Amino acid sequence: MKNASPWRIGFDIGGTFTDLVLINDSNGETIRHKTLTTPEDPSEGAYTGLTQLIALAGLKASDIHTLTHGTTLAINALLERRGAKTALVVTRGFRDVLVLGREYRYDIYDLNGAPAQPLLPRSQAYEITERVTARGEVIAAVDPAEVAALAATLREEAYEAVAILCMHAYAWPEHENQLESLLSRALPGVSISVSHKVSREIREYDRGVLTAMNAFVQPKARRYMANLENKLREGGFTCEWLVMGSNGGLMAPQVAADYPTRIIESGPAGGIVASAAFARRNQIKQLLAFDMGGTTAKACVVNGGEPSITTDYEVGRADRLLKGSGLPVKLPVVDMIEIGAGGGSIARVDSLGLLEIGPESASAWPGPACYGRGGEHPTVTDANLVLGLLDPDAFLGGRMCLDVSAARQAMRRIAEPLGLSIEDAAWGIHEVANSKMSEALRTHSVEKNVNPSQMTMLAFGGAGPSHAWSLAKHLGIKRVCFPNGAGVYSAFGLLTAPPSADFVRSDRCPLQQDVDIARIRAVFAEGFDEAFSTLAAANVDPASASQQRLAGVRYIGQGSELTVPLPAGFLENGDVQALTEAFETAHFARFGRTLPGQGVEVVNWRGRVQMTPPALNTSDRLHHAEPEAQEKRLQVYSGREEGFSPCRVIPRSLLVAGEAISGPALLQEKECAIYVGPGATASLDEQGNILMELN
């Protein structure tokens with residue numbers, strides 16, 4: 001019998017904290033929780049948090065209807081290069097495909113600039129004799145004896161995973177299927193990824209990088225999903241559970257385990273999905289979503305209530321602000337910028353005597369010095385505590401007291417080399433972090449053709465509300481919103497996301513009047529069959545699905561394409577002009593010009609199947625009575641000239657809707673602290689959100 005319980009849980013595992021939200025769909029009651037992540041086995045910390053959360057609610061594990069999960073497992077494995085020992089098997093003559101890359105400089109003026117290092121070195125690439133042309137003509141067939149010899153070599157070298165990349169397998173996958181079958185039998189227990197199952201998109205470098213990533217992370221992802229599944233079942237959770245994908249949709253855990261490249265931005269996508277829902281609910285046309293946690297900060301532009309989705313995402317950029325300096329992820333990903341600046345980011349003085357922040361993080365263990373877990377390095381959180389931006393007695397709702405003296409001691413590592421006071425060193429860390437983030441946010445906004453000063457900022461995450469006022473000042477933003485439950489907002493996003501699946505098919509097609517519409521319809525039919533098959537693992541009802549059709553279009557002769565929605569008339573009656581006009585409108589918006597008279601062609605056909613998003617009605621209703629909160633005062637440091645000034649610390653439960661609070665003030669929630677700086681006012685709205693206006 002299907003579980004009819006109204007309770008659902010979203011839990012998001014970050015680098016430092018795991019955020020959890022329990023919601024009762026029948027009355028909107030929510031219970032929020034935050035616990036430290038366990039880096040060695042993230043499933044352990046997640047399970048601990050789940051059991052603590054249901055205990056707070058007085059529920060049993062079997063009372064939960066659905067679990068939705070976001071994780072940083074894949075991105076961390078890629079950034080830290082901590083995955084399986086992986087071999088790349090390629091068509092003979094293409095051994096250097098990952099090393100050569102795209103053969104261009106991402107910054108033509110930097111003679112010393114180096115791109116991101118290949119995920120796999122040349123020594124781990126192996127050639128196999130096979131070749132199929134782009135038209136499907138077999139030039140060289142697969143030789144089973146050669147494959148057997150290769151398998152023996154791979155076995156001797158103790159490879160844990162294999163990535164297979166055959167030329168033109170995006171259209172003609174037969175040889176990859178043969179290699180997968182032969183190697184699977186010869187190498188039991190070794191994970192094998194084939195490029196056409198990871199992505200059916202043209203360009204061997206992009207497809208090769210993605211396939212190598214998938215193979216590199218797959219063994220770890222499979223172990224992780226299996227461990228979490230076992231813990232949940234042994235703990236009495238009988239419900240289904242789903243995993244957030246990088247595209248903002250949910251998938252079955254088995255799909256995430258087999259294709260971890262689809263969950264590279266799993267956790268951050270949850271916050272962006274929630275931000276898009278916030279924008280739609282409050283009719284905000286242009287929203288800048290800012291999420292700062294313990295390890296990184298993320299930002300995304302939300303236009304018209306919809307986040308931008310890109311297929312030109314990158315990870316591990318050599319230069320965080322320069323496109324082309326990272327490894328390409330040619331899959332649909334919520335388009336965001338990620339900065340190595342979080343609450344746990346470590347500050348240091350470099351060889352030139354300059355203050356640097358991140359990207360190294362103290363993570364959950366040992367964590368910032370103020371956590372009292374043995375950390376000695378100064379972090380952004382330590383600086384915020386010294387400055388008075390955090391109440392040491394109210395962290396995590398009072399469950400964790402912060403050690404001010406330990407934070408001050410850590411600040412000496414910055415203060416003494418620079419000849420600064422403890423407070424000025426902390427202020428420097430705070431300001432450098434803000435400058436680093438504001439530069440990235442401005443760059444991201446401009447790339448989206450948006451002026452940040454004309455946008456509303458939505459700030460969330462454990463550290464985001466502490467920095468939002470300063471960032472808004474840097475960017476000229478006048479209005480900042482802090483959603484109800486800002487400290488765990490990504491977990492809310494997991495509860496608003498629908499199951500979805502994407503597909504791509506590369507099939508170059510000049511947009512001429514004699515275009516073969518029947519062939520294009522067949523391409524979409526095959527793709528949607530694949531997408532529905534993927535969704536079947538999530539036990540969804542196909543009748544409630546919506547279908548979206550897209551085309552990757554370019555001028556003939558261009559090296560890249562723009563993705564545009566497919567006009568309805570194109571598939572119905574071959575309206576080539578409608579698709580051409582849609583592309584040229586997008587081209588003008590992106591580049592400010594079109595090329596009249598130049599031929600246009602489609603490179604890729606894309607599609608998405610998405611279920612109806614679940615309704616999310618929340619309230620501030622408390623599941624149990626809480627101790628009476630009291631207002632207090634702290635001293636907040638605002639720079640060398642201003643020094644310390646008194647600051648009201650107001651628990652959220654004391655806020656009255658509509659009452660204006662003038663800064664400086666600290667609005668204290670269980671999972672975060674909202675800093676309202678001088679010259680700003682904040683108020684609580686009827687939905688439970690806090691709105692801050694800056695002069």
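Colleague: In which sense do strand S9 and S10 pair, and over how many bridges?

Modeller: This is a predicted model, and what follows should be read with that in mind. Strands of a sheet pair through backbone hydrogen bonds, in either a parallel or an antiparallel sense. Here strand S9 (residues 161-165) pairs with S10 in the parallel sense, over 4 bridges.

Colleague: What is the strand order of the open sheet of 4 strands?

Modeller: The order is S6-S5-S9-S10, and the pairing is parallel. Strand S6 (125-128) and strand S10 (191-194) stand at the edges with a single partner strand each, so one side of each has no neighbour in the sheet. From one strand to the next, the twist averages 20°.

Colleague: Which strands does helix H5 touch, and what angle does its direction make with that of S9?

Modeller: Helix H5 (residues 174-186) packs on this sheet and touches S6, S9 and S10, its direction making about 160° with that of S9. Helix H7 (residues 204-234) lies across strand S5 (86-91), S9 and S10, and runs at about 160° to S9.

Colleague: What is the order of the open sheet of 6 strands, and what is its pairing?

Modeller: The order is S3-S2-S1-S4-S11-S12, with mixed pairing. The edges are held by strand S3 (30-36) and strand S12 (250-251); each has a single partner strand, so one side of each is left without a neighbour in the sheet. Helix H1 (residues 42-57) packs on this sheet, where it touches strand S1 (7-13), strand S2 (17-24), S3 and S4, and its direction makes about 145° with that of S3. Within the sheet, strand S4 (residues 64-71) and strand S11 (residues 240-244) run parallel and are joined by 4 bridges. Leucine 67 has tryptophan 241 in S11 as its bridge partner.

Colleague: Let us turn to single residues. Is serine 345 buried or exposed?

Modeller: Serine 345 counts as buried because its relative accessibility is 0%, below the cut-off of 20%. Serine 345 lies in strand S21 (residues 345-349). Beyond its neighbours within four places in sequence, its contacts include Gly294, Thr295, Ile357, Gly358, Glu360 and Pro378. A polar atom of the serine 345 side chain lies 2.6 Å from the backbone nitrogen of glycine 342.

Colleague: Which backbone nitrogen lies 2.9 Å from a polar atom of the side chain of threonine 310?

Modeller: That of aspartate 312. Threonine 310 belongs to strand S16 (residues 309-310) and is buried, with a relative accessible area of 12%. Setting aside residues up to four places away in sequence, threonine 310 touches Leu331, Pro332, Val333 and Asp335.

Colleague: Where are alanine 158 and leucine 396 found?

Modeller: Alanine 158 is in the loop between helix H4 (144-156) and S9; its phi is positive, near 60°. Leucine 396 is in the loop between H10 and helix H11 (404-418), and its phi is positive, near 55°. Leucine 396 is buried, with a relative accessible area of 10%.

Notes
Residues are numbered from 1 along each chain as its sequence is written. This is a predicted model: local features need pLDDT of at least 70, side-chain atom pairs count only at pLDDT 80 or more; totals for chains, interfaces and linings use all residues. Side-chain values use heavy atoms; hydrogens and water are left out. Two strands pair if DSSP finds at least two bridges between them. Helices (H or I, at least four residues) and strands (E, at least two) are DSSP runs, numbered from the N terminus. Contact means heavy atoms within 4.5 Å. Axes are lines fitted to C-alpha atoms, for helices over the stretch in contact, and angles run from 0 to 180 degrees between N-to-C directions. Buried means under 20% relative accessible area, exposed over 50%, partly exposed in between (1.4 Å probe, protein chains only). A polar contact is a pair of N or O atoms within 3.5 Å; within protein, one must be able to donate a hydrogen and the other to accept it, and residues adjacent in sequence count only if both atoms are side-chain atoms.
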